[in-house]
Amino acid sequence: MRVLVVGGGGREHALCWALKRDTPDAELFAAPGNPGTAQLGKNLNIEVTEVGEVVEVVEEHRIDLTIVGPEAPLAAGLADRLRAAGHAVFGPSQAAARIESSKAFAKDVMQQARIPTAASRTFTALDPALKYIKRHAEPLVVKASGLAGGKGAVVCGTRDEAARAVHAMLAEGAFGDAGREVVVEDFLEGEELSVLALTDGEQLLVLPAAQDHKRLGEGDTGPNTGGMGAYCPVSIATDGLLETVRRRVLEPALQELAARGAPYQGVLYAGIMLAADGTPYVLEFNCRFGDPETQALLPVLPGVTTHLREIAMGTWRPREAILSASRAAVATVLAAPGYPDKPRLGAEVQVPRDLEAGTLVFHASTTRDPDGTLRVAGGRVVTVTGLGDTVAAAREQSTQGCELISFEGKTYRRDIAWRQIRRMTERAGAA
Ligand code: AMP
């Protein structure tokens, strides 16, 4: 079995690691990969959105299965091209990936399928957007419709702020083409959850929910980032709630996409705002695994990559409806100083060889010099996943691992999973 993982971040290192765990004989390739994936297989230095190049590589290396990590190659039609050439691939078509690459499209799908989501309007012209905002209650949310690297949603406390945000997107070209269309939506309150499900378009297997931490600073303060950490399982995401998400969100989304001629295969990720009355409102859909949620989820789902393979091969018959986590996991991101605005690159990274069992280091943005020295190559440098019997123990394990890895100016949060740990403390206090 020759498997190619497309992408080069922490998520892709975790995918390679889980593939090796589940299928030790698999021969792994990563494109472009990183120094972490290089320890598990062969890195192929190509640009992942150059779809033709990826297809050539798949043929040259006689790849049996391709798993696509990031959204950009999916939005560029990589899965379509591979399928058309007869190759097994895990990941949605370009048309189905619009559920992430166009928030306007996702909103339309949700409205048509009656999926709970914030009321919204979509605009391409400035004046009608400004008029709409003038009559809108505060706070409100302005989103660039296209792919904006997770930075396209602006939560606005006031109408003035919202007016500035749509002006920046529609009139000044902030976010480029991604901001030529904007969605203005109601602000929702509640607790956020990431619910990911594997699907072949008809059957669904829901993974345990995760919670991520987008803000740079402890206590969820500071600027938004690509994600500073994630954990699972989340105790408020009971099987009953996941069943509700399946029935009210995931199944209707799949049916609506199929009805539009865009059947969905791959992992469907629903960013949920859980309202006080228990209704799961969808904030966004993603067409791929989350980063860093993947680095927390895959280590506690032994055997999960078998599902990816069978979905890609068209032989999938899942026996369960919901997978449960074998343990608790906390994934903490170690970021470069200056992240997210201006990460300082180049510092030497030292990862001790003898980290404890139960600590996993997934490379995200590192490079290796010819002499073997590891260096910081981007904002999020590595993710350290700690495993434990409880989320609190897993966090302890993750934090200890973070302390042992060194590079100049290393920044990370020591409070990943604080909501879960507070819930557990409160429950213990009440008992
Ligand atoms: P998105 O890219 O749509 O997931 O938005 C990024 C983040 O913005 C989410 O994780 C939420 O924290 C916040 N957000 C997005 N939409 C809303 C909303 N309608 N109400 C409140 N917060 C939101």
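Visitor: Taking buried as under 20% relative accessible area, exposed as over 50% and partly exposed as in between (1.4 Å probe, protein chains only), is E60 buried or exposed?

Guide: E60 is exposed, its relative accessible area being 56%. This is a predicted model in which local features need pLDDT of at least 70 and side-chain atom pairs count only at pLDDT 80 or more, while totals for chains, interfaces and linings use all residues. Residues are numbered from 1 along each chain as its sequence is written, and side-chain values use heavy atoms, with hydrogens and water left out.

Visitor: Where does E60 sit?

Guide: E60 belongs to helix α3 (residues 51-60), where helices (H or I, at least four residues) and strands (E, at least two) are DSSP runs numbered from the N terminus.

Visitor: Switching to strands, why is β21 called largely enclosed?

Guide: In strand β21 (residues 380-388), 9 of the 9 residues are buried, so the rest of the structure largely encloses this strand.

Visitor: Which strand has 8 bridges to β21?

Guide: That is strand β16 (residues 328-335), running antiparallel to β21, with V330 bridged to G386. Strand β18 (residues 359-363) also pairs with β21 in the antiparallel sense, over 5 bridges, and there F362 stands opposite T383. Pairing requires that DSSP find at least two bridges between two strands.

Visitor: What is the strand order in the open sheet?

Guide: The 5 strands run β3-β2-β1-β4-β5, with parallel pairing. At the edges stand β3 (42-43) and β5 (88-90), each with a single partner strand, so one side of each has no neighbour in the sheet. Within this sheet, β1 (residues 2-7) and β4 (residues 65-68) pair over 4 bridges, and V6 stands opposite V68 in β4.
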